[in-house]
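Please keep the sequence and the model in view while reading.

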Amino acid sequence: MDTFHDAIRYVQKLPYGRNSSTRKASIILTEGKGTCSTKHACLKTLAEENEINSIDFNLAIYSMNGENTPGVGQVLKKYNLDYILEAHTYLSYDSERFDYTFQKANNRAWEKDILIEIPIDADQVGSWKKEYHQSVLKSWIKREKMPYSLDEIWDIREECIKALSPREV
């Protein structure tokens with residue numbers, strides 16, 4: 001790879017899948033797969049190492065549904081949910097969002113359903129991201145008087161994520 005754009009194309013072509021750890025951004029290279037978090041953390045780290053400081057790493061909480069995230073609709077329907085709040089990471093440059101999670105070119109159907117958007121650091125994709133996401137879910141469950149506990153909602157979310165793994169969105 002000669003350029004940052006070459007790295008982007010390489011990372012985007014890696015299959016979607018959970019990594020064994022989120023502690024080291026380069027794990028996607030050794031395991032040959034990655035999630036939104038690990039793929040974008042790797043690209044953000046690479047940008048920083050090459051003094052490309054104009055690229056931001058962001059986390060959004062959005063209302064994930066079968067329309068904006070193909071593959072999760074049947075799972076949500078099974079639990080009588082129209083959506084579930086999901087944490088998604090991506091890069092941005094000059095206020096434009098770039099999502100390299102899946103092989104299809106920059107699918108950003110989720111953008112219209114963003115509820116919260118914050119900048120993060122590459123080292124926040126592990127436990128910090130999970131804790132933040134769960135705190136948002138706790139508030140949502142309470143506010144909406146959901147018939148599910150946090151553990152149940154987290155399990156439903158995990159089922160949604162598993163539904164994404166074999167497909168390309």
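## Strand β1 and M64

M64 lies in strand β1, which covers residues 55-64; strands are DSSP runs of E with at least two residues, helices are DSSP runs of H or I with at least four, and both are numbered from the N terminus. The model is a predicted one, in which local features need pLDDT of at least 70 and side-chain atom pairs count only at pLDDT 80 or more, while totals for chains, interfaces and linings use all residues. Residues are numbered from 1 along each chain as its sequence is written, and side-chain values use heavy atoms, with hydrogens and water left out.

With a relative accessibility of 1%, M64 counts as buried; buried means under 20% relative accessible area, exposed over 50%, and partly exposed in between, for a 1.4 Å probe and protein chains only. Apart from neighbours within four places in sequence, M64 is in contact with T69, V72, L76, D82, Y83, I84, E86 and C160, where contact means heavy atoms within 4.5 Å. Between M64 and L76 there are 12 residues of sequence separation and 9.4 Å in space, C-alpha to C-alpha.

K39 is located in helix α3, residues 36-49. Although buried, K39 has no salt bridge, and D99, the nearest side chain of opposite charge, is 8.1 Å away. For charge, Lys and Arg count as positive and Asp and Glu as negative, with His and the chain ends not counted; a salt bridge is a side-chain nitrogen of Lys or Arg within 4 Å of a carboxyl oxygen of Asp or Glu. Leaving aside neighbours within four places in sequence, the contacts of K39 include V11, Q12, L14, P15, Y16 and Y100.

K44 does form a salt bridge, with E48, and the closest N and O atoms are 3.6 Å apart. Both residues belong to helix α3 and stand 4 residues apart, about one turn of the helix. K44 is buried at 10% relative accessible area, whereas E48 is partly exposed at 41%.

## Other salt bridges

The whole structure contains 11 salt bridges. One of them joins R97 to E117, with 2.8 Å between the closest N and O atoms. This pair links distant parts of the chain, since R97 is in strand β3 (residues 96-98) and E117, 20 residues apart from it, is in strand β4 (residues 114-119). R97 is partly exposed, with a relative accessible area of 22%, and E117 is partly exposed at 38%.

R143 and E144 meet through their side chains in a salt bridge of 3.7 Å, N to O. R143 is exposed at 53% relative accessibility, while E144 is partly exposed at 42%. A network of salt bridges links R18, E86, R157 and E158.

## Helices α5 and α6

The axes of helix α5 (residues 127-143) and helix α6 (residues 150-164) come within 10 Å and cross at roughly 120°. Axes are lines fitted to C-alpha atoms, for helices over the stretch in contact, and angles run from 0 to 180 degrees between N-to-C directions.

On the α5 side, K130, H133, Q134, L137, K138, W140 and I141 meet L150, I153, W154 and R157 of α6. The residues of this contact divide into 6 nonpolar, 2 polar and 3 charged; Ala, Val, Leu, Ile, Met, Phe, Trp, Tyr, Cys and Pro count as nonpolar, Asp, Glu, Lys and Arg as charged, and the others, Gly among them, as polar. Helix α5 also holds S139, which is partly exposed at 41% relative accessibility.
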